[in-house]
Structures are given as structure tokens and as C-alpha cells.
Amino acid sequence: KDIRISAQTKMTKDFGSLVWDGYNPRKAQLIDIPNHVTIRKGDKVVTTAFSSIFPEGISIGVVTNAEIKTGDNFYTVDVQLSTPFEHLEYVYIIDNRMGAEQQRLEEGLKYD
């Protein structure tokens, strides 16, 4: 419930963070999408390359609604998830034993 996944629309590559409220296993929200971009119902949502957890391009779901609340500069985008999490029977948990080192190396590559 507390994870934020870097996600983007497949066509325009506009990206933000995918969050889940912990209630409906079929829906999540894509947040932090600036209001100057065009988000359309039916746009596919996939993972970005900005994550050390998921590779780029994995399908997450489809945009079902996008709105900008009054006075806000960002969209709140409802996403219908492509994976039926309530029906999963088997999952793999992968422990990346080199994760801390990978993160340090990636941080070292960033320029000021």
C-alpha cells in the first residue's frame, strides 16, 4: 500500500507516481502529472525506466478518468489495473541482495 511506482502513459511518456489507496484491488491513481499535458481516457499506463524495482514498459493498466481539482497544477488520474490482484494465487518475492549497492552506483551517476 505504501509503494509509489514510477509510471507513464505509453503514447506520450508523461510520467508520475502510481499509488494505491489500499481499498479497491482493481484501481490505483497516477499522481504528479502536470496539468499542461494531455491525458485521455483509454491511455495505457506502463512502468518507466526510473525504477530499480521494475523494468520499463511493463503494463500497469488503463486511464479511466483524469481530472484537475480547482487550484491544483496536477492531474489526478484514475487507472484500472491490468492485473486482477484479488485473484492472484502465486507470487514471487525477489530479494535483490545487491539493491543497496545498485542504488549507490545509480546515485553516483547523477549529475548536479
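View 1. Of the 112 residues in the protein chain, 25% count as buried. The model shown is predicted. The chain exposes about 8,600 Å². Carbon and sulfur atoms supply 54% of that area. Along its principal axes, the C-alpha trace spans about 45 × 40 × 25 Å.

View 2. The secondary structure comes to 1 helix and 6 strands. Read along the sequence, the pattern is β-β-β-β-β-β-α. Among contacts between residues at least 6 apart in sequence, 45% join residues at least 24 apart.

**View 3. The largest nonpolar core.** This core holds 15 residues. Leu-18, Leu-30, Ile-39, Val-45, Ile-60, Val-77 and Val-79 touch the most other members. Which elements give two or more residues to this core? They are strand S1 (5-9), strand S3 (27-34), S5 and strand S6 (74-81). The largest share, 4 residues, comes from S6. In soluble globular proteins, nonpolar side chains tend to be buried together.

**View 4. Surroundings of Leu-30.** Leu-30 is one of the core residues that touch the most other members. Neighbours within four places in sequence are left aside here. Beyond them, Leu-30 is in contact with Ala-7, Gly-16, Ser-17 and Leu-18, among others. Its contacts also include Val-45, Tyr-75, Thr-76, Val-77 and Val-79. Among these partners, Leu-18, Val-45, Val-77 and Val-79 are also listed with Leu-30 for touching the most other core members.

**View 5. The largest pocket.** The volume of the largest pocket is about 650 Å³. Its lining has 22 residues. Closest to the centre are Ser-51, Ser-52, Ile-53, Phe-54 and Asn-96. By class, the lining has 12 nonpolar, 7 polar and 3 charged residues.

**View 6. The second largest pocket.** This pocket contains about 520 Å³ of space. How many residues line the second largest pocket? There are 16. Ile-5, Leu-18, Phe-54, Leu-81 and Phe-85 lie nearest its centre. Strand S2 (15-19) and strand S5 (59-67) are the elements that give two or more residues to the lining. The lining divides into 12 nonpolar, 3 polar and 1 charged.

**View 7. Residues that link the views.** Phe-54 is among the residues closest to the centre of the largest pocket. Phe-54 is also among those nearest the centre of the second largest pocket. In the nonpolar core, Leu-18 is one of the residues that touch the most other members.

How values were computed
Residues numbered from 1 in each chain as written. Predicted model: local features only at pLDDT ≥ 70, side-chain atom pairs only at ≥ 80, totals over all residues. Heavy atoms only, no water. 1 Å grid on protein atoms, 1.4 Å probe; cavity = no way out; pocket = protein on both sides within 12 Å on 5 of 7 lines; lining within 4 Å. Points joined across faces, edges and corners; volume = space filled by probe spheres on them. Nonpolar A, V, L, I, M, F, W, Y, C, P; charged D, E, K, R; others polar. Core = buried A, V, L, I, M, F, W, Y, C linked by side-chain atoms within 4.5 Å. Buried < 20%, exposed > 50% of the residue type's maximum accessible area, 1.4 Å probe, protein only. Contact = heavy atoms within 4.5 Å. Areas by Shrake-Rupley, 256 points an atom, 1.4 Å probe, with all protein chains shown as cover.
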